[in-house]
Amino acid sequence: MSVEAAEAGGARRPRRWRVLAGAVLLPAVPAAVLLYLLGVIPPSGGGGEEPPAATRSARPDAGQAAVPPGFTGTWSGSVVTGNGLANGTMSSVIAGGGKGDYVIRTTYDVLGTVQCHSKAKLLSSTADRLVLEESTDGERGALCTSATATVTYRLAPDGKIRFASDDAGGGKPTATLARTG
């Protein structure tokens, strides 16, 4: 209840009580706190304050997806369509990066005559799985699909990567990739 409300309700305090209460509390407040409250001393970096914007943007979010180090490198293997037909080879170069970054560049090679190039943007990751959005990298080659697809790279216990794509135009390809670099 404010002093004015108390006075309006009939519970009057002598004016000197209000002054005396402030005077009694004032010496108990440390000088630094008083200077801080008056704006003489700027806030320090402690407590729950946010760092300056430049520092915030350089600091990764705790929940942000990133490529685990075990995935980085060059991986190659044979591609098989969803109906079991061989469909050439693929080579993926996986780099470090975070969610939203293009972290994989892949070349699909069919009998050494047709090459399709793609790039994949990281959507999410765990210690043994990357989920990405794959799209054409550069100009679309002859016989290459231009569809955007969701692809998964799963690190298997044998040290290889199991690749799967939901690209229906490409036959929903899968592959087992071994590290080549």
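Predicted model: local features only at pLDDT ≥ 70, side-chain atom pairs only at ≥ 80, totals over all residues.

I counted secondary structure to begin with: four helices and eight strands in the chain, taken as DSSP runs (H or I of at least four residues for helices, E of at least two for strands) and numbered from the N terminus. Read from the N terminus, the order is α-α-α-α-β-β-β-β-β-β-β-β.

Residues are numbered from 1 along each chain as its sequence is written, and side-chain values use heavy atoms, with hydrogens and water left out.

**Barrel**

How do the eight strands close up? They form a barrel in the order β1-β2-β3-β4-β5-β6-β7-β8, with antiparallel pairing; I call two strands paired if DSSP finds at least two bridges between them. From one strand to the next, the twist averages 30°, with axes as lines fitted to C-alpha atoms (for helices over the stretch in contact) and angles from 0 to 180 degrees between N-to-C directions.

I looked up β1 (residues 73–80) against β8 (residues 174–179): four bridges, antiparallel. Trp75 has Arg179 of β8 as its bridge partner.

Next, β5 and β6, which run antiparallel with six bridges. Arg129 sits opposite Arg154 of β6 here. On to β6 and β7 (residues 161–165), antiparallel again over five bridges, where Leu155 is bridged to Ile161 in β7. Their hairpin leaves five residues between the strands, and Gly159 has a positive phi near 90° there.

**Single residues**

Is Thr152 buried or exposed? Thr152 is in β6 (residues 149–155) and counts as buried because its relative accessibility is 18%; my cut-offs are under 20% relative accessible area for buried, over 50% for exposed and partly exposed in between, with a 1.4 Å probe and protein chains only. Skipping residues up to four places away in sequence, Thr152 touches Arg129, Leu130, Val131, Arg162, Phe163 and Ala164, contact being heavy atoms within 4.5 Å.

Ser135 belongs to β5 (residues 129–136) and is buried too, at 18% relative accessibility. With neighbours within four places set aside, Ser135 is in contact with Tyr102, His117, Ser118, Lys119 and Thr148.

Thr89, in β2 (residues 86–94), is partly exposed, since its relative accessible area is 39%. Beyond four places in sequence, its contacts are Gly77, Ser78, Val79, Thr107, Tyr108 and Asp109. I checked Tyr108 from Thr89: 19 residues along the sequence, 5.9 Å C-alpha to C-alpha.

Which residues lie closest to the centre of the largest pocket? The pocket has a volume of about 420 Å³, and of the 23 residues lining it, Tyr108, Cys116, Cys144, Thr145 and Asp167 are closest to the centre. Two or more lining residues come from each of β3 (102–110), β4 (114–126) and β5, and β4 gives the most, with four.

Points join across faces, edges and corners, and the volume is the space filled by probe spheres set on them.

**Whole chain**

Last entry: 24% of the 181 residues are buried.

Methods
1 Å grid on protein atoms, 1.4 Å probe; cavity = no way out; pocket = protein on both sides within 12 Å on 5 of 7 lines; lining within 4 Å.
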